[in-house]
Every structure is written in structure tokens, then in C-alpha cells.
Amino acid sequence: MQLIVSASLILAIVIWGVLAPDSLASVFDTALAATTRDFGWFYLWVVLGLVVFALVLAFSRYGDLRLGGEDDEPEFSLGSWFSMLFAAGMGIGLVFWGVAEPISHYGAPPPGIAPNTPEAANAAMRYSFFHWGLHPWAVYSVVALAIAFFQFRKGGSALVSTSVQSLPWAPMKRLGPVVNVLAVIATAFGVAASLGMGALQINSGLNALFGLPVGDASQVGIIVVTTVLFLASAVTGVTRGIKWLSNINLALASLLALAVFAFGPTVAIIDTFTTTLGSYVSEFVRMSLRMTPFRDSGWVSGWTIFYWAWWVSWSPFVGLFIARVSRGRTIREFVLGTMLAPTLAAFVWFSVFGGTALHLQIMQGLPMADAVGADVSTALFSLFDALPMAGLMSGIATILVMLFFVTSGDSATLVLGMMSSGGSENPTARVKIVWGVLISGIAISLLLAGGLKAVQTATIVFALPFTVVIVLMAVALWRGVRDDHAEDRRRERELRRRMRSLVEPPPAP
């Protein structure tokens, strides 16, 4: 029933987008404006709360609780685990925005900062760190941890609703179907939007390398080819296709970043990382709670609030996938692995690519801002044109985007298959193929109808009710780890009492 409702709603919105894209865009743009205007403060408080909650949980006495039985060992090595969660979480986004976001902020900085100045450059890097750092990964981490805890320690289903339904309040028991429908819709549209974004950048890369025309026909062909690839990967299972591709992704991304670091302004990149890390730490709370009540500016809602809602909308997909590959890890290891390590990787990525782009724009006068303004998807390749071995790096970047496209697609089909199979950790190949074809069909139909931006906006609107769900998941998780820790302590005391009774002599008569 939940699958039918979810598929029907998805199909209705797709048909709407194909037949009347302007109408769909108008309705959801209005809803997005109202959401960011009236509930922006809510997103800021919730996401900051999740950062604090995750870190407190990791470094508290509950951090040693294992996601599974006491004898369970992690299924994947630390390197493969990190590769998979990073590829599923935001790999394709980092490649797409690594150059484009800092350059965009440089020309249109936060309110109160003059554009195209050194202050604007510093703010551009600081807010890029902020938008891709601890906050988004805290959203993913809490959702994934709640799912993994109730699945592996409590024997529940691998569904988003399981943790919410564990709460002892009567209405929570009836929320399960609604939560699962929201999760499926958010996942399907979020992944479809990501596939569309990836197709645009792959098209730009192939145009730079081989002159492939930029247009709908090329992008549809790219989606079809990559769909075949990610379905082939998906049916081989997590332990083979997804793991192998994720490891290759991480290796290629590291190689590309190392090449730009070596051929670009190396000292300036190190200085950028150092300065931006310091300002990120010192401005952390202010950025986390920044609104503009006395200024007519849409910058915060257009960037920060939009990003927070976007991460929330992706959290059921990424959370379920991370939970699936995290059995056997302790809560402390889980939080450090899903928050601190990816955050550091994102900081390095933006320092290398964003820092290089800003250096070329400011110190060498190259028109990076013009390239970003003309077409965001070409920003990365414009950076390579200013460096040695441009063709080789453009080729590696195109392959990297394609592989991130494939890993996003195959992990999404796994998650949607789990959702529609009652939480099965290993859904059948047929189910995964159906979902893979469906999300690719969504991406193609909306791309042809010009509705890709509208479906991104729709995903953000659906994120508002799911933000409430995440708060409930955090409450359920806290109650669960508290009760489990108390039960573990009680068993330890009982075991010690029994051991003492065995070794101590009986009392004298």
C-alpha cells in the first residue's frame, strides 16, 4: 500500500511537470519561498541541534555501544566504508560545486560584505566550508544512526519509520506509513535531481574533451548509458559493485585534488585552508544561527536554508544506505566516521578547487566568475583550462562525475528497494531494476520538460515535514541508547555479583 501511494504521488508530479512545467515551477517556487521565509529559523535550530546531539552522543558514555551484537564485526574495512558513505553522501555535489560555489559567493557575498573584495573571498570560502561541513553530515549521521541502532540492536526493520514507531506515544504508532511515503518521495526526487545535475556536468566534460553537443539529446543519452551501468552495479550487490566503484571514486578524487594542488598555487591553497578553518571555527555559532531580520536579503534563504532543506530531503536515502553498511561499528566510531572524516575531506576539496579558482580570479585576472555565470556545470573545466595537463584532468573529472553518478544511482536503487521490500537488507535484482528505471525516467522526463529545477524545489518543500520526523528520530535514539546502556550496566552488575558469589566463601554458620 505504501509503495502504491508513493509511486502514485511521484507519477502525478512527473506528469504535472511534463504537461505543465511552468505551473509546477510556479506552485513549488511559491511553496519554497514561504517555507524558507517562515521556517528558516526552524531549519537553523534543528540542524545545529543535530550537530550538538551527534557529538554529545559520540563522546558520552553511550559512545561504546555497538550497532549490533557485542561480537559483531564491521562488514567492510574502514577505507571501503568511508568510500561508500562519501560517494553516496555528497561526492557528485562536491565535484559540481567545488569551484562554482566559492566563485558565486565572491561575486554575491553574504549581506554586509562588498562583492569582489578580499573580504568577499574569505567569506566565500568560509561559507563553502559551512555549507558542506559538520552540519549536513550531522543530519545524515543522526538519521543513519537511528536506523542502524533500531535495526541492529533492536531487531527492527531497515525503515525510516522504525525508530519513530518505538516512541511510547500512541500517535507515533500510526505515523509509520506516512513517514515511509515521505522518505520514498524525497529519495526518488532527490536522486532524480542529482542524476540530472550529473548529466549536465558529464555533458560539459564531454563537450570540452570531444566536442559533444550540449543539449537534451546528449543528456538523455548520458542518463540512459549511466543507468545501464548503475543497474549492472546494483544487481551485483553492496559487497562487490558498490564497494568497488566507491573505492575507485575515492582514488580518482584524491588523484585529481592532488594534481590541482601540485599544478596550482600550492602555498595559496595551504594558506586558504588554514585561514578558512580558523574563521570557520571562530564564526561557527554565528553562521549556524544567522538570519537577516533587519535586512531585505534573500542570501541566507537562497543558500543556507536551501542547503539545509536539501540535506534533510536526502537524509532518508543517505541514512538508510549508511546504516546498511555500518553494522558492527560503535556509536563513537560511527559518528566520527560519518561527521568528522567527511567534513575534513570536504574542507580539503574546497580549499584545493575553490581556493585555486579564487586565486586565478583575483591574483591572475582570469575570468572564472564569467565562466560560472555563463554555465555552472562548466566551472570545473574552466579551472582546468588554466592549469597544465588540462585535457587529462578534464578527462579524469568526467570519469569521476560519471562514477559518482553510478554510485549514487546504484545506492539509491538499493535504498528504494529496501523501502519497498519491508526493510530487506538485500532486495531482489528485479526490485532494484524497477526503481533504477523509474528514477532515470523521472530525470529524463523532467529534463525534457525543463522541470529539473522544479523537482529540486519540490524536494526541498517535502523536506519541511521530514525535518520534524528527524527530530522524533533523535528523541527515539536518545531514549534507546539510554535504556540499552542502563540494561548493559544492570547485566554487568549482575555478572559481577554472580562471580563474587562463586569465589567468596559462604558466611560462617
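Tutor: Begin with accessibility: a residue is buried under 20% relative accessible area, exposed over 50%, and partly exposed in between (1.4 Å probe, protein chains only). This is a predicted model, in which local features need pLDDT of at least 70 and side-chain atom pairs count only at pLDDT 80 or more, while totals for chains, interfaces and linings use all residues. Residues are numbered from 1 along each chain as its sequence is written, and side-chain values use heavy atoms, with hydrogens and water left out.

Student: Is Arg327 buried, partly exposed or exposed?

Tutor: Arg327 counts as partly exposed, because its relative accessibility is 29%. Asp72, at 24%, likewise counts as partly exposed.

Student: What joins the side chains of Arg327 and Asp72?

Tutor: Side chains of opposite charge can pair when their charged atoms come close. A salt bridge is a side-chain nitrogen of Lys or Arg within 4 Å of a carboxyl oxygen of Asp or Glu. Arg327 and Asp72 form such a bridge at 3.7 Å, N to O. This pair links distant parts of the chain, 255 residues apart: Arg327 is in the loop between α14 and α15 (331–363), and Asp72 in the loop between α2 and α3 (78–89). Helices here are DSSP runs of H or I with at least four residues, numbered from the N terminus.

Student: Which residue pairs with Arg324 in a salt bridge?

Tutor: The partner of Arg324 is Glu75, at 3.3 Å, N to O. Arg324 lies in helix α14 and Glu75 in the loop between α2 and α3, so the bridge ties together parts 249 residues apart in sequence. Arg324 is buried, with a relative accessible area of 5%, whereas Glu75 counts as partly exposed at 43%.

Student: How many salt bridges are there by this rule?

Tutor: The count comes to ten. Among them is that of Arg286 with Glu283, at 2.5 Å, N to O.

Student: Where does Ser377 lie, and which residues does Ser377 touch?

Tutor: Contact means heavy atoms within 4.5 Å. Ser377 lies in the loop between α16 (368–374) and α17 (379–385). Not counting residues up to four places away in sequence, Ser377 touches Phe96, Leu200, Gln201 and Ser204. Ser377 is buried, with a relative accessible area of 4%.

Student: How is a helix span read?

Tutor: The expected span is 1.5 Å times one less than the number of residues. Helix α10 (residues 216–235) has 20 residues and reaches 28 Å from its first C-alpha to its last, close to the 28 Å expected. Its buried residues include Val220, Ile222 and Phe230.

Note on methods: Helices (H or I, at least four residues) and strands (E, at least two) are DSSP runs, numbered from the N terminus.
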